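Q: Could you take me through one part of this protein at close range? I would like to look at the sheet and the surface around it.

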Amino acid sequence: MVEIRHGFPDEPSANYSDRLVLGAGWNEGTLGIDDILYGAEGDHGTLRKTLVAAFE
C-alpha cells in the first residue's frame with residue numbers, strides 16, 4: 001500500500017490522502033495498482049466500487 005497525500009498550501013483544511021493498493025503486475029516480478037482507497041482509510045469509497053456502480 002502506498003499513501004498519496006494531496007496538499008493545498010492556500011487551503012490547508014482541504015488536504016487529503018488516498019491509498020494505492022498494489023498487487024501483482026502484468027509482468028512477473030512487477031507491481032500494479034489493484035485498487036485505490038479514497039480517504040486515509042478508504043472511508044470515502046474505492047475506485048473499484050465506483051467503477052462497479054458506474055456500470056450497473
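A: Happy to, starting with the whole chain. Of the protein's 56 residues, 21% count as buried. Keep in mind that this is a predicted model. The protein has one helix and three strands, and along the sequence they follow the pattern β-β-β-α. Its radius of gyration is 14 Å, well over the 10 Å that the globule rule gives for 56 residues, so the protein is more spread out than a compact globule. The C-alpha trace spans about 40 × 30 × 15 Å along the principal axes.

Now to the sheet itself. The three strands make an open sheet, ordered E1-E2-E3, with antiparallel pairing. Strand E1 (2-6) and strand E3 (31-38) stand at the edges with a single partner strand each, so one side of each has no neighbour in the sheet. On average, neighbouring strands here are turned by 30° against each other, direction ignored. Strand E2, residues 16-24, is joined to E3 by seven bridges, and the two run antiparallel. As one example to find on screen, Asp18 has Tyr38 in E3 as its bridge partner.

The surface also has something to show you. Val2, Ile4, Leu22, Leu31 and Ile33 make a nonpolar surface patch of about 430 Å². At least two residues of this patch come from E1, and at least two from E3. Leu22, another patch member, sits in strand E2. Its relative accessible area is 34%, so Leu22 counts as partly exposed, which here means between 20% and 50%.

How values were computed: Residues numbered from 1 in each chain as written. Predicted model: local features only at pLDDT ≥ 70, side-chain atom pairs only at ≥ 80, totals over all residues. Heavy atoms only, no water. Pairing = 2+ DSSP bridges. Helix = DSSP H or I, 4+ residues; strand = E, 2+ residues; numbered from the N terminus. Axes fitted to C-alpha atoms, helices over the stretch in contact; angles between N-to-C directions. Patch = residues over 30% accessible without salt bridge, like charges linked within 9 Å, V, L, I, M, F, W, Y side chains within 5 Å. Areas by Shrake-Rupley, 256 points an atom, 1.4 Å probe, with all protein chains shown as cover. Salt bridge = Lys/Arg side-chain N within 4 Å of Asp/Glu carboxyl O. Buried < 20%, exposed > 50% of the residue type's maximum accessible area, 1.4 Å probe, protein only. Rg over C-alpha atoms; globule rule 2.2 N^0.38 Å.
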